[in-house]
Amino acid sequence: HVLHGRVTDGDTGLPLVDVLVYMQEAEISTRSDASGHFFLPGLGAGRHHIHVERIGYKAAAEYVTIPLPADSLWEMRLYPTSIELSQVVIEHSVSL
């Protein structure tokens, strides 16, 4: 079975590109395209824990029962999160 889905920004509703979509237990993964769509192949029938991650967004996971009803699209929203970086010091010296 193949899971067909779409990932969007939870605040704007815009599609998210290059989102990592994976099932950790089976080591199956894929990435979303420019329209936020993805296809995750190799899933057996039953309940699966699907994870989605992208830099700048809070990771999320949901259980999905495969197969989905015909013509169904699994949708997931990711919400932006701030990333705290360590302090950067820039020094400049001039020799005379």
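Biologist: How many positive and negative side chains does the protein have, and how far apart do the centres of the two sets lie?

Modeller: In such a count, Lys and Arg are positive and Asp and Glu negative, while His and the chain ends are not counted; each charge is placed at NZ of Lys, CZ of Arg, CG of Asp or CD of Glu. Here there are 6 positive and 12 negative side chains, with 5 Å between the centres of the two sets. The model is predicted, so local features need pLDDT of at least 70 and side-chain atom pairs pLDDT 80 or more, whereas totals for chains, interfaces and linings use all residues. Residues are numbered from 1 along each chain as its sequence is written, and side-chain values use heavy atoms, with hydrogens and water left out.

Biologist: Which secondary structure does the protein have?

Modeller: Helices (H or I, at least four residues) and strands (E, at least two) are DSSP runs, numbered from the N terminus. The protein has zero helices and seven strands, in the order β-β-β-β-β-β-β along the sequence.

Biologist: What radius of gyration does the protein have, beside that of a compact globule of 96 residues?

Modeller: The radius is taken over C-alpha atoms, and the globule rule is 2.2 Å times the number of residues to the power 0.38. For 96 residues a compact globule would come near 12 Å, but the protein has 18 Å. Along the principal axes, its C-alpha atoms fill a box of roughly 75 × 30 × 20 Å.

Biologist: What share of the residues of the protein counts as buried?

Modeller: Buried means under 20% relative accessible area, exposed over 50%, and partly exposed in between, with a 1.4 Å probe and protein chains only. By that scale, 29% of the 96 residues are buried. Strand β1 is mostly covered, with five of its seven residues buried.

Biologist: With which strands does β1 pair, and in which sense?

Modeller: Two strands pair if DSSP finds at least two bridges between them. β1 (3–9) runs antiparallel to β4 (residues 37–40), joined by four bridges, and L3 stands opposite L40 there. β1 and β7 run parallel and share five bridges; T8 has R77 as its bridge partner in β7.

Biologist: Is T8 buried or exposed?

Modeller: T8, in strand β1, is buried, because its relative accessible area is 5%. Contact means heavy atoms within 4.5 Å. Beyond its neighbours within four places in sequence, T8 is in contact with G13, L14, P15, L16, M76, R77 and L78. L16, from the loop between β1 and β2, is likewise buried, at 5% relative accessible area. Not counting residues up to four places away, L16 touches several others, including V7, S32, G36, R54 and Y57.

Biologist: In which sense do β5 and β6 pair?

Modeller: They pair in the antiparallel sense over seven bridges. V52 has A60 as its bridge partner in β6, and R47 stands opposite T65. The two strands form a hairpin with six residues between them, and G56 in the turn has a positive phi of about 90°. On its other pairing, β5 (residues 46–53) is joined to β2 by three antiparallel bridges, with Y22 and H51 as partners.
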